[in-house]
Structure formats: structure tokens, C-alpha cells
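Here's a quick look at a ligand site and a helix pair. Have the model open while you read.

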Amino acid sequence: MDKIKIIGGNTLHGKICISGAKNAALPLICASLLTDEPVIIKNVPLLSDITFLNGLLKYLGMDISEKQEIFVQHQSTKYTYQANQITNLVAPYDFVRKMRASYYVLGPLLARFKHVEFSLPGGCAIGARPIDIHLSSLEQMGAKIEIKNGYVIADAPNGLTGAHIIFSKASVGATCNILMAATLASGITKIENAAKEPEIANLIDLLNAMGAKIEGKNTSVLTIEGVEKLHNAEISVISDRIEAGSYAIAAAITHGKIELVNACADFLQQPIRVLEKMGVDVSVDDNSIIVDAVNKTIVGEDIYTDYYPGFPTDLQAQFMALMTVAEGASLVTESIWENRFMHVPELCRMGANINIHGHASAIVRGVKKLSGAPVMATDLRASFALVLAGLAAEGETIVNRVYHLDRGYEKLEEKLKAVGADIERIKESD
Ligand code: EPZ
């Protein structure tokens with residue numbers, strides 16, 4: 001397995017171009033299952049999660065073609081998806097276990113083909129991750145659902161019908177899935193307590209461009225009037241707010257200055273506010289965010305993760321890395337996932353002072369310096385937190401299990417090297 005080697009201590013300076021958002025691209029790609037006409041998706045990041053999803057879609061019968069192009073100052077991929085020969089309605093365990101977001105095929109396949117079989121994904125490193133809200137909502141829309149041999153088998157022989165659905169939690173995945181399913185249902189579907197993440201607005205824009213009738217974008221009440229058929233459309237994936245937030249901390253933790261090109265400050269209001277309270281200068285230009293921590297004293301601050309527009313859970317681990325070297329104490333409360341402190345013992349191995357209380361709170365007391373160590377993490381964002389700690393630490397840090405990072409950070413070493421980091425990938429065979 002590849003590893004990443006970092007020699008810490010360099011101050012980072014320069015520009016990093018932010019890629020398309022993984023968590024927006026995944027549902028956009030699956031929306032192409034809703035029509036037999038071509039759907040063009042631009043600014044798709046080159047990540048293993050996208051490769052896994054494309055693999056599953058090809059297995060179902062999707063035709064996929066790709067073209068490299070320049071999108072806002074960086075090289076990116078434009079994909080064309082055409083679902084005019086779907087021959088298979090089963091998403092097998094081997095695909096789903098590699099990538100949970102395969103559940104995005106559920107809504108579109110059931111709505112368009114009236115049947116789907118989907119391997120239940122099971123838990124993962126950050127929590128139990130149930131999909132009960134997805135399934136109960138589809139049942140309210142008339143689907144018959146059975147769980148057999150680890151698979152969800154869903155049927156709607158007469159098609160799905162609109163329903164008034166109130167989510168018990170503002171789930172991102174369930175909001176995307178039910179939005180997609182409702183576009184082809186008969187009648188009107190109303191979702192209350194829907195998630196409001198920017199990735200959902202991106203999906204609504206694509207679905208409406210395909211001929212769907214969705215109202216309520218950026219609010220927690222979405223109304224979808226079902227239509228007979230959807231058609232071809234084109235969309236660009238929005239820029240990745242979590243990648244941008246992660247590199248903002250790379251600037252802060254090394255006392256450097258980085259311009260995040262193609263980053264959207266609107267998507268990052270809470271993280272920017274916290275960075276400013278921690279003593280970092282953040283300025284916003286047309287299409288970029290400039291993070292300046294040169295000669296700044298970083299001080300502790302509390303965070304509480306919450307549904308958007310609250311503080312994103314996907315930046316919790318990275319902010320915690322910054323807090324380990326801040327002056328004073330910080331309290332981190334994780335309210336979304338029940339097991340998202342797996343990076344704590346690894347940060348402590350690098351000299352951090354963190355105490356976990358229960359499963360939802362951690363107190364971080366800043367130390368003067370971290371020291372490099374071999375470390376590993378169990379999920380994507382925790383792995384990036386260890387990279388950040390390595391950038392600030394004295395000496396050498398080896399981050400193992402790089403496949404987590406490859407799921408969500410496009411050209412990570414290239415981007416960090418370009419701003420002055422001493423970082424390299426050690427290939428398995430080296
Ligand atoms: C999305 O996961 C993201 N993944 C996650 O990012 C992110 O952490 C999460 O939203 C929260 O922002 C993708 O977009 C692919 P949820 P998702 O459904 O949709 C509970 C990353 O690092 N819940 O909004 O799976 C659930 O247990 C990843 O990029 C149910 O109880 O998250 C959690 O407590 C990790 N039943 C809460 O809701 C359900 O049926 C929010 O989960 C569904 C969810």
C-alpha cells in the first residue's frame with residue numbers, strides 16, 4: 001500500500017486550485033440514470049470514489065465517455081453518461097462495500113425501471129451509517145421493500161407516487177436519493193427537513209435542467225412535481241468546500257499564506273469564521289479565498305459540527321489538527337457521526353494533548369510542537385488531519401493507508417508540493 005512521507009516545518013506559500021466536489025459529483029453522476037439521453041458533467045475530480053462509481057454504472061450498462069479539459073485554471077475531466085442500455089438492476093456487494101455512496105443508484109433505478117436490488121452497505125469507520133430514511137421514504141412513495149441475503153430488494157410495479165415525507169434527520173444522502181426518485185414519480189412529493197448542503201443545490205440545478213420541476217432550492221422544504229420523462233442536460237460540479245477548508249488549514253498550521261483559487265467562500269461561512277477567531281486573516285476575492293497566517297498567533301476556539309450551514313463534520317478532524325498547536329484549549333463537539341474521533345490517538349502519538357469525553361466531545365490543549373511519527377487513519381478526513389499535523393511537526397511523518405486520501409483529495413502531493421511542502425508518495429513497490 002502506498003504511503004505519504006512528509007518532512008514538517010516548511011511554511012506554505014502560493015496558490016492551490018480547488019477541484020470539483022466529490023460529494024456533489026457522486027449524486028450528479030447517478031442522476032444520469034434517470035434519462036436515456038446523454039448527460040454531460042464537467043469539472044469531475046479525478047478520485048478513486050469516482051472510478052468506483054463509474055465501474056458500478058458500467059456494470060449496470062451505462063455508456064461513459066470522458067474528455068480532459070481546462071476548467072477555471074485547472075485540468076479536469078468532462079464525462080458524458082448515457083443510460084440508454086441499462087441491462088442490470090443489481091448493485092452488488094463488491095461495489096457497494098468499496099463505496100457507500102453507491103446508494104445513489106437506488107432512487108433513480110427504482111423510479112425509472114421500477115425495480116432495484118442493492119447490497120446493504122453496513123457500517124463504516126465513522127459510524128453505523130444506516131439508510132433507513134432512504135428506504136422508509138421510498139416506501140411512503142409506494143415501493144415494496146424487502147431485505148434478503150444482505151440486499152435491499154425494491155419494487156414499484158406501477159411506478160412511484162408522490163408523498164408528503166418528513167425526514168427524521170436532515171440526511172444529505174436521503175435528500176439526494178428521494179429528490180431523484182420523485183422527479184419521475186406521479187404527482188407531487190414534498191420533503192420536509194431536507195438537507196440544505198450546496199451539493200444538493202447543484203443536484204437540483206442538474207435535475208431541473210433535465211426537465212424536472214423542483215422548488216425550494218437551498219431551503220429545508222423541497223417540492224417536486226413528477227414528470228413523465230427527463231432529457232439531456234449539462235452541468236458543472238461545484239468547487240469542493242471541504243478540500244478548500246482542508247488547504248486553508250494547511251496555510252494556517254504552517255503559518256503560511258495560500259490563495260485558494262476556484263473556492264467559494266459562501267459555502268464556508270462557519271469554517272472561515274472559526275479560522276478568523278483563531279487568529280488567521282481570511283480575505284475573499286472574486287473566485288478565491290486568501291488565507292494568511294504569516295506571523296499570526298493561532299489561538300484555541302470551540303467547534304460544534306452540525307447540518308449545513310452549521311460547521312461541517314467533514315472539516316472537524318482537520319480543524320482539530322490545527323487546534324493541537326494553537327495557544328490555549330479548544331472544545332470539539334461532533335454531533336453528526338457517533339465515531340469520528342479515530343484521528344485522536346494518532347495525533348496524540350505525534351505529541352498532541354487531546355482528551356475525549358464520551359463519544360461526542362474532545363478537549364484539545366495546544367502544545368508548542370508536534371513531532372513526526374508513522375501514523376494511519378481509518379477514514380478520508382482523518383487521514384488529511386494527519387497530513388496537516390505532519391506539515392507542522394518536527395521531523396518525518398509517514399501517513400499509511402493513502403487509499404483513504406485518494407478517495408477524496410485530487411493530486412494531493414502535487415498541490416502541496418507546489419506551495420512548498422516537503423511531501424512525497426512512497427509507492428508500494430519502492
Ligand atoms: C454525506 O454522507 C457525505 N457523503 C459525508 O461525507 C458527510 O459527512 C455527511 O453527508 C454529513 O455531511 C457524501 O456526500 C457521499 P447523512 P451521508 O445521510 O449522506 C443519519 C466525506 O468525508 N442517517 O447526511 O451518508 C446518519 O447516521 C463523507 O466526504 C440516518 O440515521 O450522511 C448521520 O448521523 C463522510 N438514517 C446523519 O443522519 C439514514 O437513512 C447524517 O447522515 C441516513 C442518515
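The notes below start with the ligand and then turn to the helices.

This is a predicted model, so to speak of local features takes pLDDT of at least 70, side-chain atom pairs count only at pLDDT 80 or more, and totals for chains, interfaces and linings use all residues. Residues are numbered from 1 along each chain as its sequence is written, and side-chain values use heavy atoms, with hydrogens and water left out.

Around the ligand sit 21 residues (a heavy atom within 4 Å counts). The closest are Asp132, Ser171, Val172, Asp314 and Ile336. By class, the shell splits into 9 nonpolar, 5 polar and 7 charged residues (Ala, Val, Leu, Ile, Met, Phe, Trp, Tyr, Cys and Pro are nonpolar; Asp, Glu, Lys and Arg charged; the others, Gly among them, polar). H1 (22–31), H5 (132–140) and H6 each supply at least two shell residues, with H5 giving the most, 3. Helices here are DSSP runs (H or I, at least four residues), numbered from the N terminus.

Polar contacts are N or O pairs within 3.5 Å:

| Side chain | Ligand atom | Distance |
|---|---|---|
| Asp132 | nitrogen | 2.7 Å |
| Lys169 | oxygen | 3.4 Å |
| Arg340 | oxygen | 3.3 Å |

The protein covers 91% of the 830 Å² of accessible area that the ligand has on its own (Shrake-Rupley, 1.4 Å probe).

Now the helix pair: the axes of H6 (172–183) and H7 (198–209) come within 10 Å and cross at roughly 10° (lines fitted to C-alpha atoms over the stretch in contact, angles 0 to 180 degrees between N-to-C directions). They are therefore roughly parallel (under 35 degrees). Val172 and Leu179 of H6 and Ile200 and Leu207 of H7 are among the contact residues (heavy atoms within 4.5 Å). That contact has 8 nonpolar, 2 polar and no charged residues.

Technical notes. Angles under 35 degrees count as roughly parallel, over 145 as roughly antiparallel, 65 to 115 as roughly perpendicular and the rest as oblique. A polar contact is a pair of N or O atoms within 3.5 Å; within protein, one must be able to donate a hydrogen and the other to accept it, and residues adjacent in sequence count only if both atoms are side-chain atoms.
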